[in-house]
There are 2 protein chains.
Amino acid sequence: MPPKPKTEEERLKLRQLILDAARELFVARGVDAVTMREIGRLIGYSATAIYLHFKDKDAIIRAICDTDFLALASGLKQILQIADPVERIVALGFGYARFALSHPNHYRMMFMTQRPACDPEISEVQQGNPEQDAYAQLKHVVQKAFDQQLFRPELTNPDLIAQTIWAGIHGVCSLEITLANDTWVNWCDIEARLHVMQQTLINGLLRAPAP
Amino acid sequence: MPPKPKTEEERLKLRQLILDAARELFVARGVDAVTMREIGRLIGYSATAIYLHFKDKDAIIRAICDTDFLALASGLKQILQIADPVERIVALGFGYARFALSHPNHYRMMFMTQRPACDPEISEVQQGNPEQDAYAQLKHVVQKAFDQQLFRPELTNPDLIAQTIWAGIHGVCSLEITLANDTWVNWCDIEARLHVMQQTLINGLLRAPAP
DNA sequence: AGCGTTAACTTAACAGCGTTTAATTAACAA
DNA sequence: TTGTTAATTAAACGCTGTTAAGTTAACGCT
């Protein structure tokens, strides 16, 4: 409604209000289907008011992604405490997949559309910090297993191993998200697909065959 | 420019002209960035002329996808003649990946955005025909290897195996397409990633360890 | 107290989008 | 020669993200 100098706290509160509304709409119907005017309407402001807090729509998306990268990493954090290195990798994969499949529109936004470069200057996520960066978690866990020489001897690059695991899980999840409702393919149950992928990655990467 | 009753042949020619122009633009800059007016301009017609041949933009996309599904399957067809069943699966994976990585915008259109349901009524691609359907090719090749009991005994569903292979290759390609320019991850060489994924799938799925 | 400045916010407007409607034009059939 | 009709376009609609130009109310200053 009316203009009144706001404290920094109030400004942040409105910023968060915008983010929450945008996230809610994005998650429900996808980024492209949501309009600025709609976000404004939901929080009781005009669309242009949003531009006082975000440069453009992409900035909102980036900010949400940032938060969600943190949320993803945070959700996986406890898995790092599993003792067995192999079990830990598998658990990380399942945790990641659960996130992807239960927040498909989030996941699409984060990993299935080229993000606007996610400027590290701006991003609050500390790249490489396993507390905040899910890829760093995976890499850390893979490195531990690598140090114990659990992988096949021809695999000499832990990064390559981590990226292969990621790609495998991501492949299952992203195909599910984009083509689940496609009649073209006679899809098997998603849980089964995920499980077989996990087993295949383990069997294919580890030195000793799984019990 | 002007109006003159056209033969069916001429109509098809213009239809194809539209498709070719649209494909060129789509491939170069992605579906979303290309406008109807732009397609029209490229072929020397107004934007609205397109609507005499296609219901809407989605219809163009569908038609192009259809053609490209055929092109993909056709490009992979010769691989089916490889004798060794394992070698054949690997070659199919590489062929598929080569298509994805050398036509990223095509691939994005075909496998990374939920297509408008690709009505089988309209589609000219014969679903399940290995001559025309790349997934049918994979399934066929996997089935052959399955019949020879090359896969691990716990893998009792050939569909599940095929879908795992697809997901693995797709995971590598789609991550590359969407996140290659992302500074977040310290990406290994794409060829290396692809190769390790192939090897992992083979090692992880096959009964006997690879030589 | 009154005046200017300024922050917060809105309305109006712009350029562009996909698409629809209405108008134009040229060739054919009668 | 006149209608009819197919091919095409220009104009318009409602939408988008975004910008420019107001409007309004609170504050600091004289």
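1. In chain A, Gln149(A) lies in the loop that links helix H6 (134-147) to helix H7 (158-179); helices here are DSSP runs of H or I with at least four residues, numbered from the N terminus. The model is predicted: local features need pLDDT of at least 70 and side-chain atom pairs count only at pLDDT 80 or more, whereas totals for chains, interfaces and linings use all residues. Residues are numbered from 1 along each chain as its sequence is written, and chains are lettered from A in the order in which they are written.

2. The backbone of Gln149(A) deserves a remark: its phi is near 55°, a positive value in a residue other than glycine. Most residues other than glycine have a negative phi. Gln149(A) is exposed, with 9 other C-beta atoms within 10 Å (exposed means 12 or fewer other C-beta atoms within 10 Å of the residue's own, with C-beta atoms placed from the backbone).

3. In chain B, Gln149(B) is found in the loop between helix H6 (134-147) and H7. Phi of Gln149(B) is near 55°, again a positive value in a residue other than glycine. Gln149(B) is exposed, having 9 other C-beta atoms within 10 Å.

4. The contact between the chains draws 36 residues from chain A and 36 residues from chain B, two residues being in contact if their C-beta atoms, placed from the backbone, lie within 7 Å. On the side of chain B that touches chain A, helix H7 (158-179) and helix H8 (190-205) each supply at least two residues. H7(B) gives the most to that side, with 12 residues.

5. By class, the side of chain B that touches chain A comprises 18 nonpolar, 16 polar and two charged residues. Here Ala, Val, Leu, Ile, Met, Phe, Trp, Tyr, Cys and Pro count as nonpolar, Asp, Glu, Lys and Arg as charged, and the others, Gly among them, as polar.

Key:
A residue is buried if 20 or more other C-beta atoms lie within 10 Å of its own, exposed if 12 or fewer, and partly exposed in between; C-beta atoms are placed from the backbone.
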